[in-house]
Amino acid sequence: MRENINDAPVLLAQNGPLRGMNWVVDRLLTIGRGDDCDIIIHDRQVSRFHAEIKYSENGDFVIADLNSKNGTMVNGEMISKVVSLKDGDEIRIALTQQFLFVSSDATLPIDRVIDTTGTSSRKLFIEKKARRVWIGEQELIPTLSVSQFDLLVLMYENERKVVSREEIVRNVWGEEESVGVSEQAIDALVRRLRARLNQLDSSHEYIQTVRGVGFIFENIGYE
């Protein structure tokens with residue numbers, strides 16, 4: 001195991017049933033169909049214990065196929081022995097799931113690295129697991145408050161769709177605390193989030209008010 005999790009690379013699931021998920025490679029990770037695996041792929045093409053990724057004694061990360069039925073590929077080549085991994089390597093498990101290996105030197109958020117959904121024109125990106133936000137290649141520091149981040153995620157995942165005040169209350173405050181949340185409280189939260197985003201980019205209003213209805217999130221691209 002790595003001493004510092006911040007030095008660990010990340011495994012990003014691209015095309016396949018796990019698309020959009022990610023795992024920090026800070027220990028041995030087993031990949032397969034079995035419930036005992038760290039990364040479970042529910043597909044008959046995938047062997048119960050298909051492959052594993054680990055930190056080697058030589059100081060690098062390696063992947064090994066565990067005598068799987070349909071094989072493991074790295075950068076389009078079927079592997080038959082332990083193979084060292086480097087930043088940007090593409091891993092394919094059988095014909096089912098594709099992963100991207102991203103080293104700890106990567107500075108861009110996961111959404112930007114994956115880039116398999118046609119979102120490369122977006123300027124603002126979120127890494128939900130680490131609760132981090134980027135605008136361009138600049139990270140928003142200090143991090144957002146819990147309520148600000150929850151609001152941003154809600155808006156981000158509903159880009160160009162009107163999000164009602166009721167939806168904001170349910171997703172940010174929750175059902176149990178939603179009673180008594182005023183419109184002024186919602187407006188104040190939106191205002192604070194806008195101010196934080198403006199710290200990195202004051203040229204665009206990411207969250208726009210739809211009078212009498214709610215709010216809409218509009219990301220922008222690069223010129």
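Which residue of β14 is the bridge partner of W134? In the predicted model described here, that partner is E139. The model is a prediction in which local features require pLDDT of at least 70 and side-chain atom pairs count only at pLDDT 80 or more, whereas totals for chains, interfaces and linings use all residues. Residues are numbered from 1 along each chain as its sequence is written, and side-chain values rest on heavy atoms, with hydrogens and water left out.

The secondary structure of the protein comprises 4 helices and 17 strands; helices (H or I, at least four residues) and strands (E, at least two) are DSSP runs numbered from the N terminus. Of the 223 residues, 43% are buried, where buried means under 20% relative accessible area, exposed over 50%, and partly exposed in between, with a 1.4 Å probe and protein chains only. Among contacts (heavy atoms within 4.5 Å) with a separation of 6 or more, 44% involve residues 24 or more positions apart.

The hairpin of β12 and β13 has 4 residues between the strands, with R131 at a positive phi near 55°. Together the strands make up an open sheet of 3 strands in the order β12-β13-β14, with antiparallel pairing. Because β12 and β14 (138–139) stand at the edges with a single partner strand each, one side of each is left without a neighbour in the sheet. Helix α2 packs on this sheet through β12 and β13, and its direction makes about 115° with that of β12; axes are lines fitted to C-alpha atoms, for helices over the stretch in contact, and angles run from 0 to 180 degrees between N-to-C directions.

A further open sheet of 3 strands has the order β15-β17-β16, again with antiparallel pairing. Its edges are β15 and β16 (207–210), each with a single partner strand, so one side of each is left without a neighbour in the sheet. Neighbouring strands are turned by 35° against each other on average, direction ignored. β15 and β17 pair over 3 bridges in the antiparallel sense. S164, found in β15 (residues 162–164), stands opposite G214 in β17. S164 counts as buried because its relative accessibility is 16%, and its contacts include V213 and G214.

α3 lies across β15 and β17, running at about 70° to β15, while α4 touches β16 and β17, with its direction at about 150° to that of β16. The axes of α3 and α4 come within 11 Å and cross at roughly 75°. The two helices are therefore roughly perpendicular to each other, on a scale in which angles under 35 degrees count as roughly parallel, over 145 as roughly antiparallel, 65 to 115 as roughly perpendicular and the rest as oblique. Their contact is made by R165, I168, V169, V172 and W173 of α3 and by E183, A185, I186, D187 and L189 of α4.

A nonpolar core is a set of buried Ala, Val, Leu, Ile, Met, Phe, Trp, Tyr and Cys residues joined through side-chain atoms within 4.5 Å. The largest such core has 28 residues, among which L124 and L152 touch the most other members. At least two residues each come from β12 (124–127), β13 (132–135), α2 (146–157), α3 (165–173), α4 (183–198) and β17 (214–217), and α2 gives the most, with 7 residues. Beyond four places in sequence, L152 touches L124, I126, V133, L144, L193, L197 and F217. Another core, of 21 residues, lies apart from the largest one and includes L29, I31, I63 and V74.

Key: Pairing = 2+ DSSP bridges.
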